[in-house]
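Work through the exercises below with the sequence and the model at hand, and compare each step with its solution.

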Amino acid sequence: MSSAVELRAPGPRGTPPLLARLVDDAALFPPGNATMADAVRGHLDGRSGEWAGVLGLFLCPASRLPELITELIKAKPVKPVAISLVIDTGLGGVPKAVSIVESRSELLSLRMVEMPAPSDVDEVWLERVSEFVPEDVIRVVEPRRGGAEWLDGVARVIEHGSWPKLRCGGLSHEAFPSVDQVADFLSVVSGGGVSFKATAGLHNAVRHTSEETGFTHHGFLNLLVATARSLSGKDVREALAETDGEKLAEEAKALSDPAAHAVRGVFASYGSCSLTDPVTDLEKLGLL
């Protein structure tokens with residue numbers, strides 16, 4: 001199976017290893033909801049832009065693959081677009097979606113397949129995931145959060161050799177996990193020898209409360225620092241709850257390159273509907 005390291009090949013301008021290929025392009029998803037044409041144009045521009053090294057995979061729902069292919073035919077990319085298929089057609093739709101991507105190898109390179117898990121995340125279902133997704137493609141499975149059963153599901157996903165996904169927000173207060181829940185997730189994952197990816201809610205680098213919604217958002221820099229602490233036996237909850245961006249940035253800057261690689265070996269990437277917002281935050285904090 002592909003590794004997180006392979007996905008984080010160095011980018012232009014010597015992107016720091018802690019940030020290389022960190023931000024997967026989720027322009028098609030809420031709250032961005034970009035049109036396919038705009039999403040494709042933005043991604044191709046990002047690939048050749050100043051901070052291309054921060055940009056990861058293009059996320060596309062399986063149901064919108066034909067639309068993506070149509071736009072890429074028009075755009076004529078110089079090299080195939082590395083994508084993650086987000087399965088919104090049920091597990092049974094995976095083989096067809098994978099086949100479509102593989103038939104257009106001049107336009108698309110399949111690196112990852114992501115899907116929500118059923119409530120019980122049983123072995124039979126996980127085995128079908130393995131059968132449907134090619135061995136050289138990363139499998140990402142999102143167990144439903146809630147209670148100890150959620151962490152049991154995360155552990156089963158890890159034991160199966162897939163990456164668990166952590167949903168960090170959404171359209172309701174309940175969609176945002178607590179600091180304790182994220183810390184418990186990191187404890188399971190960092191001890192499991194596997195990577196994870198995050199999604200939703202991580203709009204900015206630092207933990208903050210939205211003036212528009214009143215929701216308190218986790219910060220992706222908090223999550224990076226918390227992952228570093230989880231690997232070194234330090235206080236994870238403190239890092240997740242921190243709202244001082246300068247303090248988090250100083251701790252991130254102090255990480256050696258091997259430590260940064262170790263962090264990203266666990267926290268592989270997260271989806272954002274904007275590359276501009278995270279890059280702006282990172283520049284303000286002196287991390288780019």
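This is a predicted model: local features need pLDDT of at least 70, side-chain atom pairs count only at pLDDT 80 or more; totals for chains, interfaces and linings use all residues.

Residues are numbered from 1 along each chain as its sequence is written, and side-chain values use heavy atoms, with hydrogens and water left out.

**Exercise 1.** Determine which strands pair with strand β7 (residues 196-199).

Solution. Strands here are DSSP runs of E with at least two residues, and helices are runs of H or I with at least four, numbered from the N terminus; two strands pair if DSSP finds at least two bridges between them. Strand β6 (residues 163-167) pairs with β7 in the parallel sense over three bridges, and Arg-167 stands opposite Thr-199. Strand β10 (residues 267-272) and β7 also pair in the parallel sense over three bridges, with Lys-197 opposite Ser-269.

**Exercise 2.** Is Ser-272 buried or exposed?

Solution. Ser-272 lies in strand β10. Buried means under 20% relative accessible area and exposed over 50%, with partly exposed in between (1.4 Å probe, protein chains only). Because its relative accessible area is 6%, Ser-272 is buried.

**Exercise 3.** Describe how helix α8 (residues 220-232) and helix α10 (residues 245-253) pack.

Solution. The two helices α8 and α10 pack at an angle of about 45 degrees, with their axes 10 Å apart; axes are lines fitted to C-alpha atoms, for helices over the stretch in contact (heavy atoms within 4.5 Å), and angles run from 0 to 180 degrees between N-to-C directions. Angles under 35 degrees count as roughly parallel, over 145 as roughly antiparallel, 65 to 115 as roughly perpendicular and the rest as oblique, and α8 and α10 are therefore oblique to each other.
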